[in-house]
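Good morning, everyone. I would like to take a few minutes to walk through one model, going from the overall fold to some individual side chains and backbone angles.

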Amino acid sequence: GVGGAVAVAVCLRLMDAGSCRRIGRVATRKGARGAGLAGRLLHAALARTEGPWELNAQAYLRSWYEGFGFVVSGPEFVEDGIPHLPMRRDAPKMSSGNDLSLSPP
């Protein structure tokens with residue numbers, strides 16, 4: 001509220017890396033997890049920016065990101081003791097119907 005503290009439930013860092021958009025650290029506050037907020041935020045970021053997009057996903061979230069059209073683009077690596085996978089999603093191709101919808105999973 002006015003003059004009060006505001007808690008952030010979910011955040012996503014999106015950077016312009018020149019040839020692509022780089023998605024970094026998608027994080028959801030513990031008490032807000034399971035409500036679909038991260039998915040809604042990622043969907044909004046993809047819908048409002050031009051691809052391709054790249055990210056380093058924690059390996060256990062592979063299928064979650066695949067649901068948004070990301071594919072593994074390199075070998076698994078460990079960062080801060082956590083297995084990660086580089087992933088990429090190419091820019092949508094124009095179809096005859098121009099359907100560029102990005103429906104979340």
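What you see is a predicted model, in which local features need pLDDT of at least 70 and side-chain atom pairs count only at pLDDT 80 or more, whereas totals for chains, interfaces and linings use all residues. Residues are numbered from 1 along each chain as its sequence is written, and side-chain values use heavy atoms, with hydrogens and water left out.

Let me start with the fold. The chain has two helices and six strands, where helices are DSSP runs of H or I with at least four residues, strands are runs of E with at least two, and both are numbered from the N terminus. Along the sequence these elements come in the order β-β-α-β-α-β-β-β. Taking a contact to mean heavy atoms within 4.5 Å, 50% of the contacts in the chain with a separation of 6 or more are between residues 24 or more positions apart. The exposed surface comes to about 6900 Å², with carbon and sulfur atoms supplying 52% of it; the areas come from the Shrake-Rupley method with a 1.4 Å probe, and for residues only the protein chains shown count as cover. Of the 105 residues in the chain, 25% are buried, and here buried means under 20% relative accessible area, exposed means over 50%, and partly exposed is in between, again with a 1.4 Å probe and protein chains only.

Now to the core. In soluble globular proteins, nonpolar side chains tend to be buried together. The largest nonpolar core in this model has eleven residues, among them Ile 23, Leu 42, Trp 53, Phe 68 and Met 87, a nonpolar core being a set of buried Ala, Val, Leu, Ile, Met, Phe, Trp, Tyr and Cys residues joined through side-chain atoms within 4.5 Å. Two or more residues each come from α1 (37–48), β3 (53–58) and β6 (82–89), and β3 gives the largest share, three residues. If we look at Leu 42, and leave aside residues up to four places away in sequence, Leu 42 touches Leu 12, Ile 23, Trp 64, Tyr 65 and Phe 68.

Next, the charged side chains. How many salt bridges does a search of the whole structure find? There are five, counting a side-chain nitrogen of Lys or Arg within 4 Å of a carboxyl oxygen of Asp or Glu. In one of them, Arg 21 meets Asp 16 at 2.8 Å, N to O; Arg 21 is buried at a relative accessible area of 17%, while Asp 16 is exposed at 60%.

In another, Arg 88 pairs with Glu 54, and the closest N and O atoms are 2.6 Å apart. That pair links distant parts of the chain, since Arg 88 is in strand β6 and Glu 54 in strand β3, 34 residues apart. Arg 88 is partly exposed at 26% relative accessibility, as is Glu 54 at 25%. Arg 88 also meets Asp 90 in a salt bridge of 2.9 Å, N to O, and Asp 90, at 45%, counts as partly exposed. Through shared partners, salt bridges join Arg 22, Glu 54, Arg 88 and Asp 90 into one network.

Arg 89, also in strand β6, is buried yet has no salt bridge, the nearest side chain of opposite charge being that of Asp 90, 8.6 Å away; in that count, Lys and Arg are positive, Asp and Glu are negative, and His and the chain ends are not counted. A polar atom of the Arg 89 side chain does lie 2.3 Å from the backbone oxygen of Phe 68.

Finally, the backbone. Most residues other than glycine have a negative phi, and most peptide bonds are trans. Here, a cis peptide bond joins Gly 51 and Pro 52, with omega at about 10°, and Pro 52 lies in the loop between α1 and β3. Arg 25, in strand β2 (residues 21–28), has a positive phi near 35° and is exposed at a relative accessible area of 60%. Asp 80, in the loop between β5 (77–79) and β6, has a positive phi near 55° and is exposed at 71%.

Conventions
A polar contact is a pair of N or O atoms within 3.5 Å; within protein, one must be able to donate a hydrogen and the other to accept it, and residues adjacent in sequence count only if both atoms are side-chain atoms.
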